[in-house]
Every structure is written in structure tokens, then in C-alpha cells.
Amino acid sequence: MDWSHYRFRSVWDLPAPPGAVYTALEQIDAYPGWWPQVRRVTRLDDSTGIVRVRSFLPYALEVTVHEKLRAPETGVLEVAMTGDMDGWARWTVRPRGSGGTRAVYEQEVNVRKALVRRFAVVGRPLLIANHALMMRGGRRALAAALAV
């Protein structure tokens with residue numbers, strides 16, 4: 001087993017229409033304005049940027065994201081990631097109930113940051129919990145941002 005390989009899946013049920021959720025999620029430049037754990041986004045061009053994230057643990061991860069797929073008609077957004085993590089991330093946005101939305105976040109990465117790799121075996125549960133806290137914070141913050 002590669003202790004630095006992770007697969008994450010988070011489900012966000014949001015009380016907003018799918019179009020509004022998709023629009024918010026495709027505007028990565030705006031993430032720091034509503035998602036506290038996304039500390040900075042620096043655009044390099046129309047489809048590439050550098051994203052810095054930090055959740056509960058006392059370190060930040062920085063990745064370059066490059067848009068692979070933007071398909072509003074199917075509700076899918078996907079990026080390739082390189083840097084402190086190499087892999088991909090995908091949002092899938094679908095209607096849920098009457099006027100609500102289910103946004104599913106999937107991510108598969110290999111962590112490259114030396115500090116995290118050094119403590120991969122003992123630190124794995126902490127990194128998984130850290131990711132869960134980040135996603136919970138993001139869901140709450142997006143729900144609040146969309147309610148305004």
C-alpha cells in the first residue's frame with residue numbers, strides 16, 4: 001500500500017438550485033472569499049491556477065490546478081493537480097429534491113509534500129480527518145454564501 005495515496009469523496013447537499021451551485025464551484029478565483037480553508041488562488045491563465053489550502057493541521061498544501069473538463073450541461077468540473085499533491089479532483093453537480101442540489105466531490109491524489117510523506121503511516125488518519133474538516137467547512141460556507 002502506498003501510504004501517500006488518497007481517494008476522497010464528499011457529498012454536499014445544498015439548499016440552492018444546481019445552476020447556482022455549479023456557477024459558484026466553477027469560479028475558483030472566488031473560493032477564498034467563501035471557503036475559509038482555501039487561503040489563496042493565483043490565476044496563471046484562463047485554465048490554470050495555483051491554489052493554497054490549509055485546514056486544521058499546521059501546514060499548507062499548494063497545488064497547481066489545470067482545468068480538464070468544464071461541462072455545465074452535465075454538471076461536471078474536473079481539474080488535474082500537480083505540486084504538493086499530484087492527481088485529479090472532480091465536482092459533479094446534480095438536482096436533489098425540490099430546488100436543492102447534491103454536489104459530489106471526488107479526489108484521487110498522491111501527496112508529494114515531504115513533511116506529509118515523512119509521517120505518512122502515523123499521520124494518515126490525521127490527514128483524512130483534516131480533509132473531512134476542510135470539506136465540512138466548505139459545505140457550510142457555500143451554503144451560507146448561496147443563501148445571501
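How do the residues of the lining of the largest pocket divide into nonpolar, polar and charged? In this predicted model, the lining comprises 11 nonpolar residues, 1 polar residue and 1 charged residue.

**The largest pocket**

The space in the largest pocket amounts to about 190 Å³. Its lining is made up of 13 residues, and those closest to the centre of the pocket are Leu57, Tyr59, Val116, Phe119 and Gly123. Two elements, helix H3 (114-118) and helix H4, each give two or more residues to this lining. Helix H4 supplies the largest share, with 6 residues.

Phe119, one of the residues closest to the pocket centre, is located in the loop between H3 and H4. Because the relative accessibility of Phe119 is 44%, this residue counts as partly exposed; the class lies between the limits of under 20% for buried and over 50% for exposed. Phe119 and Glu26 are 93 residues apart along the chain, and a distance of 33 Å separates their C-alpha atoms.

**The nonpolar core**

Helix H4 also takes part in the largest nonpolar core. This core contains 38 residues, of which Trp12, Leu25, Trp35 and Trp91 touch the most other members. The element that gives the most to the core is H4 (residues 120-147), with 5 residues.

For Trp35, leaving aside residues up to four places away in sequence, the contacts are Trp12, Trp91, Met134, Met135, Gly137, Gly138 and Ala141.

**Strand pairing**

Strand E3 pairs with strand E2 and with strand E4. The table sets out both pairings.

| Strand pair | Residues given | Direction | Bridges |
|---|---|---|---|
| E2 and E3 | E2 38-45, E3 48-53 | antiparallel | 6 bridges |
| E3 and E4 | E4 61-71 | antiparallel | 6 bridges |

Strands E2 and E3 form a hairpin, with 2 residues between them. On the E4 side, Val51 stands opposite Val63.

Definitions and conventions:
Residues numbered from 1 in each chain as written. Predicted model: local features only at pLDDT ≥ 70, side-chain atom pairs only at ≥ 80, totals over all residues. Heavy atoms only, no water. Pairing = 2+ DSSP bridges. Helix = DSSP H or I, 4+ residues; strand = E, 2+ residues; numbered from the N terminus. Core = buried A, V, L, I, M, F, W, Y, C linked by side-chain atoms within 4.5 Å. Buried < 20%, exposed > 50% of the residue type's maximum accessible area, 1.4 Å probe, protein only. Contact = heavy atoms within 4.5 Å. 1 Å grid on protein atoms, 1.4 Å probe; cavity = no way out; pocket = protein on both sides within 12 Å on 5 of 7 lines; lining within 4 Å. Points joined across faces, edges and corners; volume = space filled by probe spheres on them. Nonpolar A, V, L, I, M, F, W, Y, C, P; charged D, E, K, R; others polar.
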